[in-house]
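The sequence and structure are shown first.

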Amino acid sequence: MKHAPLYEALINHSHTNKWSFHVPGHKNGHIFEERAKATFQSVLPFDVTELSGLDDLHHPEGVILETQQLLADYYRVKQSFFLVNGSTCGNHAMILSSFNDEDIVLVQRNCHKSVLNGLELAGVTPVFLHTEMDEEGGYPLGVHLQTVKEAVERYPHVKGIILTNPTYYGMQQDIQDIADLIHSVGGIVLVDEAHGAHFGLKDMPISSIHKGADMVVQSAHKTLPALTMGAYLHVNSERVNIHRLKHALQLVQSSSPSYLIMASLDLSRLYLENLSNDDINRILSQAEGMRKYIDSLPHLKVIKAPDRYQIDPLKITVQSDRELSGYELQALFEKEGLFTELADDRNVLFVLPLGTVNDSTDLQRVLKKVSDQLPRYNKREQTEQSLTDVLQVSRLSLSYREMRGLQAKSQSMMDSEGQIAAEAVIPYPPGIPLVAKGEQITSKHIDEYSLLKKKGARFQGITEDHLIYVFDHR
């Protein structure tokens with residue numbers, strides 16, 4: 001019988017726990033702000049600590065061990081781990097357990113900021129692989145095999161590669177050839193698959209863990225019914241040093257992991273197991289119907305997958321044919337109560353549920369209402385070209401070790417050409433740095449920042465008056 005061992009253990013514990021003389025301080029919900037008590041009361045009894053029968057995430061021997069094994073069995077991998085600090089800590093743990101100081105590591109340039117932070121923590125030497133671009137969507141895709149070959153020829157002692165697959169926009173490439181190449185030179189393949197926890201379901205893309213990756217992380221909370229910060233890490237290779245990985249997970253995860261998050265991870269795996277083929281067919285049909293409906297509306301279109309890429313059915317990227325940025329289009333949707341995952345200078349990204357869309361008729365009415373508002377904007381004459389650098393293989397201007405000994409100063413982004421960034425400049429979401437810490441700021445970076453800012457992008461690492469930190473290394 002399919003079951004959720006950790007969730008069931010929490011239910012049993014709640015029935016026997018009469019007095020709480022342990023942390024957390026809300027004492028099973030007895031002590032709580034009165035006006036919010038009714039809202040939180042149903043879950044507070046399950047927000048507990050490492051008590052008898054509830055196991056320990058950092059040394060699992062009971063129900064957590066059992067449920068992680070069920071997770072590994074479901075995903076058909078050697079081992080799986082719960083993550084309570086999101087895919088962020090999974091990326092950190094993969095990097096810390098796979099590389100040593102100053103190892104040369106190939107890194108897909110459109111990686112999440114957590115990958116860059118993990119590289120800095122590990123003190124490695126990243127070699128950035130610049131990506132193909134989707135001309136219609138204007139966003140980065142994956143890395144071409146030829147780019148990886150070029151990097152391996154230039155850096156034959158490379159220790160591994162870190163890929164982001166699928167992209168934030170749901171574009172997935174088959175990485176098998178890249179993985180085979182890296183394995184042939186003795187390297188390890190790590191994949192940030194944050195948006196692919198549902199991959200492997202019927203007629204969905206296949207996870208990179210079955211296409212040559214040695215380890216992947218998946219943000220269960222992104223597409224599965226898990227609580228925010230809930231994620232999985234999967235291992236499917238003897239190249240992974242499990243002892244180092246478990247130690248790294250203790251370094252980067254809380255010593256007081258949330259049982260609510262872990263229970264939701266347990267239940268998310270059970271949710272996947274209980275999906276029937278009919279359920280999945282309905283989900284796919286619903287996604288395709290929404291794509292077709294949006295495409296049928298005047299002034300809106302859905303971006304399709306380019307050659308050699310497969311699109312995640314749960315991702316829909318929408319563009320208008322007007323002189324309207326994605327940020328402005330997103331604002332029109334939000335005025336009607338429709339909140340999307342992200343916007344960029346051209347697009348709005350919808351992340352569909354792995355289930356039924358509520359009030360689909362009303363949703364179509366809102367989409368049409370927004371479409372009907374678009375004629376008041378001027379028609380877009382041509383698609384803008386991305387200003388992103390075209391170098392296929394690049395490195396930081398300063399190593400992480402060199403950066404540790406330098407002082408930083410604030411300076412206007414507009415006057416920073418030729419300076420080296422002391423902090424990443426990141427449009428968020430999606431969290432892919434425009435400029436990475438240690439990179440030299442170019443005129444193209446400044447132009448792209450100005451364009452995105454003008455169109456309404458929000459940034460991390462830079463103030464409203466354009467001040468950033470650069471290294472004072474005179």
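The text below moves from the overall division of the chain to its sheets, helix pairs and individual residues.

**Basis of the description**

This is a predicted model, in which local features need pLDDT of at least 70 and side-chain atom pairs count only at pLDDT 80 or more, while totals for chains, interfaces and linings use all residues. Residues are numbered from 1 along each chain as its sequence is written, and side-chain values use heavy atoms, with hydrogens and water left out.

**Domains**

The protein chain is divided into domain 1 (5–274), domain 2 (277–376) and domain 3 (406–471); these bounds come from an automatic or database domain assignment. Between domain 2 and domain 3, the C-alpha centres are 30 Å apart. Six residues of domain 2 touch six residues of domain 3, where contact means heavy atoms within 4.5 Å.

Helices (H or I, at least four residues) and strands (E, at least two) are DSSP runs, numbered from the N terminus. Two strands pair if DSSP finds at least two bridges between them. An open sheet is formed by eight strands in the order 1-8-7-6-4-2-3-14, with mixed pairing. Strand 1 (79–83) and strand 14 (393–395) are at the edges and have a single partner strand each, so one side of each lacks a neighbour in the sheet. From one strand to the next, the twist averages 20 degrees.

Within this sheet, strand 4 (residues 160–164) pairs with strand 6 (residues 188–192) in the parallel sense, over five bridges. Opposite leucine 163 stands valine 191 of strand 6.

Two helices that lie across strands of this sheet are helix 4 and helix 10. Helix 4 (residues 86–98) lies across strand 1, strand 4, strand 6, strand 7 (215–218) and strand 8 (231–235), and runs at about 165 degrees to strand 7. Helix 10 (residues 259–274) lies across strand 1 and strand 8, at about 135 degrees to strand 1. Axes are lines fitted to C-alpha atoms, for helices over the stretch in contact, and angles run from 0 to 180 degrees between N-to-C directions.

**Helix pairs**

Two packed helices are described by the angle between their axes and the distance between the axes.

| Helix pair | Axis distance | Angle |
|---|---|---|
| Helix 6 (residues 145–154) and helix 7 (residues 176–184) | within 10 Å | roughly 10 degrees |
| Helix 1 (residues 5–16) and helix 10 | within 7 Å | roughly 130 degrees |
| Helix 11 (residues 277–296) and helix 13 (residues 360–373) | 10 Å | about 30 degrees |

Angles under 35 degrees count as roughly parallel, over 145 as roughly antiparallel, 65 to 115 as roughly perpendicular and the rest as oblique. For residue classes, Ala, Val, Leu, Ile, Met, Phe, Trp, Tyr, Cys and Pro count as nonpolar, Asp, Glu, Lys and Arg as charged, and the others, Gly among them, as polar.

The axes of helix 6 and helix 7 cross at roughly 10 degrees, which makes helix 6 roughly parallel to helix 7. In this pair, Leu145, Val148, Lys149 and Val152 of helix 6 meet Asp177, Ile178, Leu181 and Ile182 of helix 7. The contact of helix 6 with helix 7 comprises six nonpolar, no polar and two charged residues.

Helix 1 and helix 10 cross at roughly 130 degrees, which makes helix 1 oblique to helix 10. Helix 1 contributes Pro5, Leu6, Tyr7 and Leu10 to the contact, and helix 10 contributes Tyr259, Met262, Ala263, Asp266, Leu267 and Arg269. By class, these are eight nonpolar, no polar and two charged residues.

Helix 11 and helix 13 pack at an angle of about 30 degrees, which makes helix 11 roughly parallel to helix 13. Met290, Tyr293 and Ile294 in helix 11 meet Leu363, Gln364, Leu367 and Lys368 in helix 13. The contact of helix 11 with helix 13 has five nonpolar residues, one polar and one charged.

**Backbone sites**

Valine 23 and proline 24 are joined by a cis peptide bond, with omega about 0 degrees. Proline 24 is placed in the loop between helix 1 and helix 2 (34–40). Asparagine 28 is also found in the loop between helix 1 and helix 2, and its phi is near 60 degrees, a positive value in a residue other than glycine. A cis peptide bond also runs from tyrosine 428 to proline 429, with omega near -10 degrees; proline 429 lies in the loop between strand 16 (426–427) and helix 15 (443–455).
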